[in-house]
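Subject: Structure handover

Hello,

I am passing this structure on to you, with notes on what was found in it. Please read the notes with the model open.

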Amino acid sequence: MGHTIVSSDLTTPLNPTTTTTTMDPSSAAAGKSYWRFTKQDFFPEPTFQNFSTYLSALSKTPHRLKDRLIGRSSDANELVRSKLQSENEMKKCLTWWDLIWLGFGSVVGSGIFSITGQETHNHAGPAIVLSYAVSGLSALLSVFCYTEFAVEIPIAGGSFSYLRVELGDFIAFIAAGNILLEGLVGAAGLGRSWSSYFASIIKSNPDFLRIKIESFAEGFNLLDPLAVVVLLVVNGIAMTGTKRTSMLNWISSIFGVAVIIFIIIFGLVHGKTDNLVPFFPYGAEGVFTAAAVVYWSYTGFDMVANMAEEVKKPSRDIPIGLVGSMSLITVVYCLMALALSMMVKYTEVDVNAAYSVVFEKIGMKWAKYLVSIVALKGMTTSMLVGSMGQARYTTQIARAHMIPPYFALVHPKTGTPIYATLLITTGSCILAFFSSLDVLSSVLSFSTLFIFMLMAVALLVRRYYVKDVTPRGDVVKFIASLIVIFGSSLCVTILWSSNYRGWVGYGVSGGLWGLGTLGMGLTSKHRTPAVWGVPLVPLLPSLSIGMNIFLIGSLGAVAIWRFFICSAIMMVYYVLAGVHATYDVAHMNQEQVKLEEGDGDLNKGRL
């Protein structure tokens, strides 16, 4: 590269003309304005110093790809070195109380009010209660995996950092790209839904407040300025400060909880048990079909895990906040589904606005407005927490130089990543302004389930494989067991998707899954959680892998093709830019590791 790169150069960040500087982030930021916009802030790596260095790097692409394919980060790198890119610390201001309400605000959106009626009427009947229980169990298994990582690596990047440590840079990049895309699309979809819901309260026309442009293509011809305004306001609040945003979230969520309790109590008291018969009108197939759909009512907790860097006492607050909130939400969802099923026969449930219509039928028209307000509140807090989580996810990706490190900068006064939030806001506003809900829905994929599955795999890798410690024999047993678990889970999914209902196929596949899990259980673990760990390993992570693969299989071919097409496009960016930036940073950090060898074993995984 023409000169020696020292690790502390990252704090400037990575200024190739500097050979010595302090590791103190505050001194790195000293004398610099936060509001700056230079090439060095966006492309500080040696590869991008000029056109000649870039061409030289491109010629080494195969070598660099191989290096990053097997390259793994470390706990120390994620917790210490990468944070220096932000120049200023995020403020540790969250407690378990904040996390519980952030989980509630993020997860409990409009889905429970819209999807429940649809799936009760079309697929599950009164057994919708079991659909929510099955989906809740699957989500809770993923929460366990997130919690163990978040306690041991309390950093802003959430799943990106955890996958980077255990499965390597390349897998983390593919996961990060897809989850960022889904986050942008999800935020835009919430903005359009908010606009539709608000317009429907004023007038029975969800497009009432939109501007139609006849010359634009169908699906892009209904401009939605209200959705843009809502997204700008919500993201603006998220940038002002984490604690302030958290307080606003839990205060508004208390109102939502009060209305939900009212719905549950009223439904259980005034409902009829006769409406629960037959309980399985569509059989087990209907229960699982509905479970795959209502699962989306549980998504959003991963955004809360992204807040780990700002938690005061991670070892105490994160397990209570994440596991506690998801357990409560599962109980609430099941009780709400039960209340609806008892209030009206499943054949008479309105598929679009089940709860509002039920109250209107029994003469409580005022209650339907209450339900609509709570749905709007749910969408607003989902956007709010989603904005915070996505911004921190983006921050950690920028710290790794997979996107320009400019977006990793944290504001010195607010303690929030303003540039990362602005990036997310800009993308979601553009999508929300032009794209209809139908177009946005068709873009959504199985990225979330894919990440959850990878998280379970990463947790197993963390427990069973430690570089230069795990014997080769144990590595072979672990890989073989993991392949059997994957293969058997895939077989069950294929059998179900092909409408095979014989017990032999499922019995053989289930037996193989059990053998794979047992084989892994008989393999020696080489790492023990220091503070909080997932119980019943490898059973629970193995079950999480199986359930997520099964739910992925229910999403259809369109979602799968979308995932592979978007991943292919992301690979073009990775080959042209991402791999070179991360290669430069990784090898710069290797120099720092050599300098720190006398200070202890800080690098537990190969970077």
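**Helix contacts**

Helix α16 crosses α17 in a right-handed sense (a crossing is right-handed if the near helix is turned clockwise from the far one by less than a right angle, and left-handed if anticlockwise). The model is a predicted one, in which local features need pLDDT of at least 70 and side-chain atom pairs count only at pLDDT 80 or more, while totals for chains, interfaces and linings use all residues. Residues are numbered from 1 along each chain as its sequence is written, and side-chain values use heavy atoms, with hydrogens and water left out. Helices are DSSP runs of H or I with at least four residues, numbered from the N terminus.

α16 covers residues 354-361 and α17 residues 365-399; the two pack at an angle of about 165°, with their axes 7 Å apart. Axes here are lines fitted to C-alpha atoms over the stretch in contact, and angles run from 0 to 180 degrees between N-to-C directions. α16 is therefore roughly antiparallel to α17 (angles over 145 degrees count as roughly antiparallel, under 35 as roughly parallel, 65 to 115 as roughly perpendicular and the rest as oblique). On the α16 side the contact (heavy atoms within 4.5 Å) is made by Y355, S356, F359 and E360, and on the α17 side by K365, A367, K368, V371 and S372. By class, the contact of α16 with α17 has four nonpolar, two polar and three charged residues. Nonpolar covers Ala, Val, Leu, Ile, Met, Phe, Trp, Tyr, Cys and Pro; charged covers Asp, Glu, Lys and Arg; the others, Gly among them, are polar.

Of the 25 residues of α8, 21 are buried, so the helix is largely enclosed by the rest of the structure. Buried means under 20% relative accessible area, exposed over 50%, and partly exposed in between, with a 1.4 Å probe and protein chains only.

α8 packs against α20 (residues 447-464) at about 55°, with axes 9 Å apart, which makes α8 oblique to α20. The crossing of α8 and α20 is left-handed. Among the residues making this contact are Y146 and F149 of α8 and F452 and M455 of α20. The contact of α8 with α20 has nine nonpolar, one polar and four charged residues.

α7 (residues 111-124) packs with α8 at about 120°, with axes 10 Å apart, so α7 is oblique to α8. α7 passes α8 in a right-handed crossing. I112, T116, E119, T120 and A124 in α7 meet I128, S131 and Y132 in α8.

**Backbone points to check**

Most residues other than glycine have a negative phi, and most peptide bonds are trans. A cis peptide bond joins V277 and P278, with omega about -5°; P278 lies in the loop between α12 and α13. Another cis peptide bond joins V537 and P538, with omega about 15°.

L536, in the loop between α22 and α23, has a positive phi near 55°. At 57% relative accessibility, L536 counts as exposed. N499 has a positive phi near 65° and sits in the loop between α21 and α22.

Regards
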